[in-house]
Every structure is written in structure tokens, then in C-alpha cells.
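I opened the model to look up a few things. My notes follow the structure.

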Amino acid sequence: MSDDEAIVREFLIESYENLDRLDQDLVVLEKDPTNRDTLASIFRTIHTIKGTSGFLAFNQLEAVTHAGESLLSRLRDGLLPLTAEVTTALLAMVDAVREMLKSIDASGKEGERDDHDLISNLARLLEPQAVRPPSEAVPPKTEPAADASAQPVPNLGDILIKRGAAKVSEVHAAVEQQNAGGPRHVGEILVEKGTVKSRDIVEALNAQQQARGQNASDSTIRVDVGQLDRLMNRVGELVLLRNQIVQYTNSTEDSELLVTSQRLNLLTTELQEGVMKTRMQPIGNIWSKFPRTVRDVALGCGKQVRIEMEGKETELDKTIIEAIKDPLTHLVRNAVDHGIEPPEVRRGLGKNPEGLLFLRAFHEGGQVNIEVTDDGAGLDYETLRNKAIQKALITADQAARMTEREITNLIFLPGFSTADKVTNVSGRGVGMDVVKTNIEKIGGTVDVQSKLGNGSTVRMKIPLTLAIIPALIVTTAGDRYAIPQVSLLELVRLEGEQARKGLELVNGAPVHRLRGKLLPLVYLKHELKVETSEQVAGDPKIESQSVNIVVLRADDRAFGLIVDEINDTEEIVVKPLGKQLKSINTYAGATIMGDGKVALILDVLGLAQRANVLCDMRDQEAGEKEEGRQSIAVADTNQRKPMLLFQCGQTGRMAIDLALVARLEEFPRDAIEVAGDQEAVQYRGQIMPLVRVSHVLDSECRIVSENGQEALHVVVYADKGRRVGLVVDRILDIVEESFVVQLETGRRGVLGSAVIQKRVTEILDVPGLLLAAQPGEASVGAQT
Amino acid sequence: MIITQQFCTFFLGDQLFGIAVEQVQEVIQHQDITRVPLVPDVIRGLINLRGQIVMAVDLRRRLRVGEQPQGTSLINVVVRTKEGPVSLLVDSIGDVVEVDEKTAEMPPHTLDADIRILIAGVHKLDQGLMHVLDTERACESLERAEA
């Protein structure tokens with residue numbers, strides 16, 4: 001690199017930094033037009049760029065910054081008021097400067113540009129005062145670049161005197177004593193003499209430190225990111241080497257070697273943390289651009305938005321910062337454009353006409369949480385539901401059965417947008433799905449919470465770093481695999497009798513009853529097709545004595561991964577796989593183990609997709625909220641258990657586990673009372689709600705003529721002291737025979753079907769049915 | 001003028017192959033290979049090359065010259081490719097030979113087309129024919145190699 005190039009590079013780096021600050025400064029200034037410090041800082045920045053560009057013969061750049069500088073000098077001198085128009089023009093200038101810098105960066109030239117409009121606009125804004133042409137408007141005498149940095153750091157004595165903690169004479173005496181060659185400092189001398197309290201000295205020292213802090217640039221250097229990456233790689237290798245040595249020394253008796261290796265261990269860990277820290281950047285680095293973004297978007301759609309931030313200093317790995325930049329920007333734009341209402345609407349609702357956008361970041365459990373909250377309209381579940389149906393993303397049938405949470409998550413579907421109008425900001429239906437994919441790509445999660453009328457919060461959980469992650473090491477078919485700890489929920493080990501009984505089959509698909517819920521199981525060796533010949537049979541019951549289940553979470557859905565052996569957890573260094581292997585999404589990378597051998601890192605999401613664990617989206621939510629739900633015993637296949645058969649509208653033959661049935665009753669039709677929109681009967685001194693099974697299961701036949709005087713057949717279902725009456729058409733029979741349930745997840749309220757008495761019979765899922773029957777419960781949130 | 005080129009030679013069975021020396025990063029003895037399930041069997045797995053993870057390609061399977069006899073240990077010829085280093089597993093290593101570029105001939109058309117594109121040329125040496133391997137091609141589109 002020639003000297004000239006080096007100078008230009010330096011200029012570019014410096015100018016980029018300055019421009020980023022400029023964006024913020026201008027937005028601050030608009031809020032507080034009288035802030036002279038900010039104005040001076042802006043002026044300085046532009047002045048510096050102008051000066052350097054003139055020196056480097058970037059004439060176009062010089063012309064634009066010159067025009068801007070002229071305007072700024074008027075503002076600074078108080079000759080011009082700062083209006084929105086002026087701010088916009090100045091921001092446009094900043095953009096133009098940035099573009100030129102980019103062009104210089106890429107090609108070494110400013111590029112073919114026509115900035116006449118911009119320059120004349122800047123010049124026009126000078127007009128109200130209209131005297132001198134812009135070329136003379138710059139008072140050359142102002143060289144304020146020096147004023148902030150040239151301020152000397154005040155003496156400790158001066159600070160003490162200023163604060164009234166010490167008298168001038170005392171300080172002088174102490175300074176003289178120090179200058180005379182005493183080993184002690186002024187502060188110590190003063191404290192010793194008893195003239196000043198030590199607390200005052202500490203405060204004064206802090207103040208002095210702060211004054212020094214302004215010159216922080218002296219204590220930092222710029223480092224090439226590539227250099228840091230290489231350093232990081234070396235440290236990664238050192239970590240592996242350390243692991244090998246530690247493993248080796250653990251098998252020796254040499255105490256000296258043990259001690260040495262322990263120290264190596266400690267040092268390596270510290271070094272690793274240190275290097276990681278150099279790559280850490282405060283999230284404020286990307287947030288700092290948002291005031292400008294918010295201002296532009298808000299101005300563009302006629303809204304008033306204030307932005308507040310908390311936890312700016314929260315640090316993340318540089319690569320992660322890069323990865324979340326775009327998704328975050330999208331969320332911020334979205335919140336302003338969609339979330340926050342126009343001022344008049346807000347006023348009408350009794351809200352502050354100025355909307356609030358709140359960004360928050362904090363560490364929690366080894367992850368960083370980032371929240372984007374707005375106090376806008378919030379998500380309207382009905383609108384979302386209708387939009388999704390309209391766009392054919394879901395069917396009306398599905399929509400009717402969806403919970404609030406499921407509906408909220410609709411916004412993450414590709415092609416979904418609730419904006420009534422497509423603006424140039426958002427509403428094109430690309431966005432939230434991209435946000436979700438991008439965040440998930442780096443091992444994070446996104447979640448939306450919203451309350452109609454009160455705004456919404458998008459919460460992201462992001463890992464701190466991608467380079468070194470904690471992982472669980474497992475062995476299958478003789479090979480070790482690493483599973484990222486973020487996906488790990490728990491470990492289950494079944495031994496002896498349990499191992500034989502704990503694994504059951506749902507029509508051939510293995511499941512395990514984990515605290516009453518069915519956990520789908522996946523055999524790692526089947527998925528990877530690595531089973532050795534004697535294990536091929538796939539019948540889990542003949543296999544080894546114990547079963548190890550690694551319970552994993554993929555896309556909010558839990559599943560159990562069966563492995564041969566669970567080894568240990570370890571910090572592993574993630575190494576990417578070559579291009580040739582990237583096409584297989586079962587692996588997230590590879591790592592080198594303590595013994596120097598390579599182990600593959602499993603991509604839990606990819607593995608789950610491969611095993612078809614995720615094919616049913618609705619089911620995952622069902623599993624989540626049915627915490628504590630009574631397990632449906634019919635999953636026990638090939639067991640004889642009494643079932644109650646009944647006839648139910650067009651749905652036909654259905655069966656329910658007799659154990660769940662408290663009683664069979666008949667009620668005359670006129671015994672039905674209506675409370676709210678809920679039918680109920682008085683039953684044993686209680687109000688028992690009625691659920692018409694056929695209505696719930698068959699949305700088509702909701703309107704049923706209430707003809708005839710015949711009694712209602714009611715199956716009384718009791719759960720935790722609560723009774724519900726299931727209204728059926730006819731009780732058929734009680735049978736006791738073995739059958740196989742074919743799980744069918746297409747309909748809520750139906751667990752599956754089986755052949756009972758040689759006829760296809762659907763098995764009722766009562767908790768699911770009750771959920772589906774109470775749309776009222778789902779819409780409660782939307783009405784508040 | 002004779003333009004000569006140096007080749008690092010190796011054997012697969014009794015066939016002689018050559019790779020231009022500048023493409024060869026290093027030759028190392030047998031390494032522990034971690035198999036990668038679900039990939040074509042041409043990819044034998046991954047090896048640890050001083051902290052770098054490198055894919056090992058079974059050149060016998062790639063060129064369809066038959067399986068190794070049981071119990072023989074393989075040698076890694078680590079070559080530089082656009083995608084970083086890749087290890088080619090071969091039976092044994094021969095000498096480095098210097099040949100006249102002009103003596104090379106194209107492989108005969110009777111060779112299977114998908115194998116033929118992997119052979120950049122054939123040199124007629126005293127000790128036999130040396131097949132010049134196109135390493136770039138040998139290490140890419142392995143998905144298709146399986147089919």
C-alpha cells in the first residue's frame with residue numbers, strides 16, 4: 001500500500017466513524033436545537049472531512065461538505081433556526097458524503113455524481129439571512145477542532161479546591177512537599193495531614209479520571225478484524241491442545257506435570273476469554289443508527305416517535321452483531337411503520353401523541369436478550385387470522401382452532417403482512433420470516449408478545465458467541481457427536497425394566513412417556529444410517545439394557561434422541577465444514593476432541609427435519625400448553641381397556657377411554673340453561689357446562705335444529721374436580737378389546753383412529769376437544 | 001525448448017497417478033478418519049490436520065478402481081483446492097517425476113466420461129503410464145459421484 005493509499009484509508013475509516021456519530025448528533029440536535037455542544041461537534045466533523053477532502057483533491061466531496069459547513073456555521077452562530085427542513089437537508093448531505101466515501105473506498109474515486117440539487121438546496125436554506133454567497137460564509141477563523149481535545153486534565157488539587165474540600169494554601173503546601181521529592185502523592189499527603197477526608201480524595205480522583213476519559217482515543221488502537229479472527233483460530237487450537245494435555249496428564253501420576261497442566265488450563269481459559277473480549281462489541285454500536293432510522297421512518301409516515309434505549313453497553317461477538325444488524329433494523333422500522341399509530345389516532349385513544357420505541361438488551365443465562373417494544377396498536381388477532389386465511393396460508397378451519405400464541409406466530413410466516421397499505425418501508429410481506437430465519441441461523445430465538453391497543457414486544461435470545469460453544473458429547477455406533485447445549489432440554493436414562501417398558505410404539509413410531517406426555521423418539525443411528533448389522537432390526541426392545549434419551553428442542557418442539565452413550569459436556573470450538581459437506585443440513589460443523597480426533601456437531605433443527613419431527617406445526621403448540629394434562633391412555637397399544645363407543649353426528653363412531661368417564665346421563669332439553677354463550681345444566685348442585693361434540697368437531701354443522709323432545713345423551717367427563725358434559729347423539733356400547741391407534745393430528749379433539757368392533761372408530765381427545773370448544777378463552781386477550 | 005513439469009506420483013493398485021507438485025500441500029501417513037454419515041461413500045470422512053478439519057476423499061472410489069485390500073493403511077495426499085485443503089487417500093507414494101509437457105496425451109474416449117474428465121492427460125513414462133489427476137475436479141461435485 002502506498003503512502004497515499006494509506007492516507008486515504010485512514011481518512012475513510014475516520015470519516016465513517018465521524019459520520020455515524022453525525023447521524024446521532026443531528027437527531028439529538030433536532031430535539032434540542034439549542035444544544036451548542038452538539039452543534040459544535042457536528043460542525044467539527046464536517047469541517048474535518050472538508051479539510052481532508054480538499055487536501056486529497058476530492059473536489060466533489062469538498063463542495064458538498066463545504067455547502068453543509070456553511071449552513072452549520074450559521075446555525076452555530078445562531079443566525080438560523082434549526083427546522084426539520086434544515087435537518088433533513090443536513091442528513092441528505094451526510095448521506096451524499098457517505099456515498100462518496102463508499103465510492104472512494106471501492107474505486108478510489110468519488111464517482112460520477114450530480115449534487116447540484118443538494119448543494120443549491122443547502123445554499124437556499126441560508127437565504128433568510130441572505131448576505132454573503134456560501135463561499136465566503138465560512139469564517140476561516142473557527143478552528144474549533146481543538147477545543148474539546150485540548151482541554152487539559154485538571155489537577156487533583158484544583159478539583160479539591162473547586163469542590164471546597166481543601167483550602168488553597170493547604171493544597172499548595174502539599175504540592176510543594178510532593179515536588180520536593182516525597183514518595184507520596186498530593187492526595188496522600190493531604191489525608192495524612194488530616195486536612196482532607198479520604199472520601200473527598202476518592203471523589204476528586206474519579207472526577208479527574210472522567211476528565212481523562214475524554215481523551216480515550218489515546219488508549220485505543222484499531223485492529224484489523226482478520227487479524228483478530230486469526231488470533232481467535234490460534235486460541236481455538238490452543239484450547240484443543242490444552243484439552244489433550246489435560247486428558248493425558250489425568251492418566252499420569254506425575255504431580256509436577258499435573259500442577260503445570262492445571263496452570264496451563266487456567267491460563268488458556270483466561271486467554272480465550274481475553275481474545276473473545278476483543279471481539280466483543282457493545283450493541284450500542286448498531287443501536288446508534290436507530291435514532292436516525294426512526295426519525296426518517298416516522299417522518300415518512302407522519303408519526304411522532306421517541307426512541308429509548310437500555311443496556312447499550314451489552315456486549316456481543318462481532319460476527320453476531322453483524323448478523324443481527326439487519327433483523328434489528330427491520331424490527332425497528334416495522335415497529336414505527338406498523339406498530340405505532342399516527343398522532344391523531346393516539347390522541348383519540350388518550351395516549352401520548354408521541355409514540356415510544358423502547359430497545360432493551362441484557363444478559364441472561366449465557367445469552368443476550370434483546371427486546372424491541374413499542375407502545376402502539378399491538379397485534380389484532382382477528383385481523384391476523386383473517387389475513388392469514390385471505391392469503392391462504394392457513395385454512396379457516398385451522399384458524400378457528402388456533403390459540404393466541406399460534407396466531408401471533410403467524411407473522412413469521414413467509415408472505416405475511418398486516419399493513420393495509422404497502423409502504424416503501426414495510427408491508428411487502430418480506431420481513432418477519434427473514435428476521436426469524438436470520439436469528440435462528442445464529443442459534444437464537446424470536447418471540448412476539450402483544451396486547452391489542454398496548455403495543456407489542458419482540459424478544460430475541462441470542463448466543464454470545466458462535467466460535468466456542470458448550471456442547472454435549474454423545475456416542476453412537478462408535479462415533480462421537482457434539483450436540484449444542486442450547487438445544488438440550490434434559491437427559492433421560494432408562495435402565496433394566498424401565499428400558500423395556502419405557503419405549504412404546506404409536507403405530508410403529510417410538511415414543512416415551514415423559515411426565516405423562518408422549519415424547520417422539522428418534523434413533524440417531526437410524527437417522528444417520530450408521531447402525532451395525534445386529535442392530536438393524538429397529539426393535540428397541542431387543543436392544544441393550546439401558547436406553548439413553550437426549551431430550552432436545554427444535555423449533556419449540558421437543559423430541560428425544562436415542563444415543564448409545566452420553567459422554568460429557570465440553571466447550572468445543574466450532575469449525576465449519578467444507579463446501580462439499582455443507583449441503584447436508586444434519587451437521588452444524590465439526591470440532592476436534594481432546595484426543596485429537598474429529599467429531600461432527602449435529603444440527604438439531606436439521607436432524608429434526610430429517611426425522612420429520614417438525615412436520616406438524618400445530619401439534620407443537622398443543623404439546624406446550626397442555627402441561628399437566630391428563631395423559632390419554634389409549635396410546636398404550638395392544639392393551640385391552642374398556643372403551644365407551646358413541647355415535648356423534650356426521651362424525652360417526654367415536655370412542656372414549658371409559659376410565660375418563662364419570663357417568664352417563666340423560667337430560668331433558670328444557671333443562672339446558674344458557675350462561676353467556678355457554679350451554680350448561682345444573683348437575684349435583686353444580687353448574688356443568690355442556691359441550692356438543694359434533695359441533696366442535698364438525699364446524700360445518702354448527703347450526704343444528706333443536707327439534708324433537710328426546711333427551712340429551714351426556715357423557716360426564718371429570719377432570720380435577722371439574723365436570724364437563726359431552727353431548728353425544730347416541731351411546732352405542734362399551735367394549736373391551738385390543739386395538740392400534742393411528743395417530744391423526746389433522747383435527748383438534750381427535751387423537752386418532754382405530755379399528756374397534758371391526759369398524760373405524762375415532763378416539764376422542766377430551767382436553768383437546770375442550771380447548772377447541774372454548775374459543776372464548778382464546779379471544780379473552782384480544783378483547784382487553 | 002522443452003517445458004518440463006514436476007509431478008508427485010502415487011499408486012492406486014498398480015496404476016500410476018500424478019499430481020502437479022505445486023498443488024500438493026503435503027503428504028502424511030495414515031490418520032484417524034471420522035466418518036461422516038449420510039454423505040456419498042467417496043467421502044471417507046474428516047481428518048484433523050494440525051487443528052484444521054480436512055475432508056478425506058477415497059480416490060479409489062472416486063476413480064472406481066476397486067476397493068483397497070483389507071488391512072492396508074492409506075496415505076493422505078493433501079492437495080490445495082479453491083475450497084481449501086482436501087486429502088486424497090492413496091495406496092502408496094511414488095517418486096517425484098519430471099516430464100516434458102508435450103508428451104502428454106488425452107485419455108482415450110473409451111474411458112467412462114465421468115472418469116475421463118478427472119484425468120487431465122496421460123504421460124508415457126518408462127515405468128508405465130502416469131495419469132495426471134485434475135485435483136479440482138476430483139474434489140468437487142461429489143454428490144454426483146455417488147450416482
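How many bridges join β10(A) to strand β14 of chain A, and do they run parallel or antiparallel? I counted six bridges between β10(A) and β14 (residues 547–554), and the two strands run antiparallel. Strands here are DSSP runs (E, at least two residues; helices are H or I, at least four), numbered from the N terminus. Two strands pair if DSSP finds at least two bridges between them.

Before going on, I note that this is a predicted model, where local features need pLDDT of at least 70, side-chain atom pairs count only at pLDDT 80 or more, and totals for chains, interfaces and linings use all residues. Residues are numbered from 1 along each chain as its sequence is written, with chains lettered from A and ligands numbered from 1 in the order in which they are written.

Sheet. I find A:Glu490 opposite A:Val551 in β14(A). Six strands of chain A make an open, mixed sheet in the order β10-β14-β15-β13-β12-β11. β10 (488–494) and β11 (503–506) of chain A are at the edges with a single partner strand each, so one side of each has no neighbour in the sheet.

A:Leu264. I place this residue in helix α13 (residues 255–278) of chain A. A:Leu264 is partly exposed because it has 16 C-beta neighbours inside 10 Å (20 or more within 10 Å would be buried, 12 or fewer exposed; C-beta atoms are placed from the backbone). The C-alpha atoms of A:Leu264 and A:Val246 are 8.8 Å apart, at 18 residues along the chain.

Interface. I get 21 residues from chain A and 17 residues from chain B in the contact (C-beta atoms within 7 Å).

Notes. Two residues are in contact if their C-beta atoms, placed from the backbone, lie within 7 Å.
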